[in-house]
Amino acid sequence: MMKFIFVAIWISGATLGSVFYSFQLAQARKNAEPLPAFFGGLDYVRSGVISVPVVKDGGVGGYFLTRLVYTVEPEKMKVLTLPAEVLMVDQLHAYLYANPQIDFSAQETVDLDAFRNGIRDSINARVGEKLVHDVMIEQIDYLSKSDIRDNAIRRRIGPGE
């Protein structure tokens, strides 16, 4: 009989201890600081190389080439009705053509932070809520018509000639 009472007290104590421990652990998780944005919670959408003609003085002055990475919330991506890449490329073209003051031929005057923030804000304005948290530039180039012409001539001539 004494063994039975001792076992019952031991099981009750173990149960109360595990319940107390689980409540303490749950409370510690609620009070923990959230991780910064780059450490989980966000997904990314990587675009392909996007080529946008730069129109100057009624003609094409060159081509702006870029590859961008957008950080987005996965939950919002799941409910988006059209492919994210299509939306983002369309909005990038609309942003570049709506802002002719961006002159990629003068590389020292291009403000990359304003460029990234402008693309992010234009996509979020089009969607109607905060879909894109950050825009990162993976590649950015500007090729003038003369650069393209020189590369075409070099390919025709060949390396040894």
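Read along the sequence, this chain runs α-β-β-β-α-α-α-β-α, with five helices and four strands; these are DSSP runs, H or I of at least four residues for helices and E of at least two for strands, numbered from the N terminus.

The model is predicted, so to speak of local features takes a pLDDT of at least 70 and side-chain atom pairs count only at pLDDT 80 or more, while totals for chains, interfaces and linings use all residues. Residues are numbered from 1 along each chain as its sequence is written, and side-chain values use heavy atoms, with hydrogens and water left out.

Of the 161 residues, 22% count as buried, meaning under 20% relative accessible area with a 1.4 Å probe, protein chains only.

Next, a helix pair. Helix 3, residues 84-98, packs against helix 4, residues 112-127, at about 120 degrees, with the axes 10 Å apart. Axes are lines fitted to C-alpha atoms over the stretch in contact, and angles run from 0 to 180 degrees between N-to-C directions. The two helices are therefore oblique to each other; that class is what remains after under 35 degrees (roughly parallel), over 145 (roughly antiparallel) and 65 to 115 (roughly perpendicular).

Contact means heavy atoms within 4.5 Å. The residues of this contact divide into 10 nonpolar, three polar and two charged, with Gly counted as polar, Tyr as nonpolar, and Asp, Glu, Lys and Arg as charged.

Last, S144, in strand 4, residues 132-144. S144 counts as buried because its relative accessibility is 17%. Leaving aside neighbours within four places in sequence, S144 is in contact with G61 and G62.

Methods. Buried < 20%, exposed > 50% of the residue type's maximum accessible area, 1.4 Å probe, protein only.
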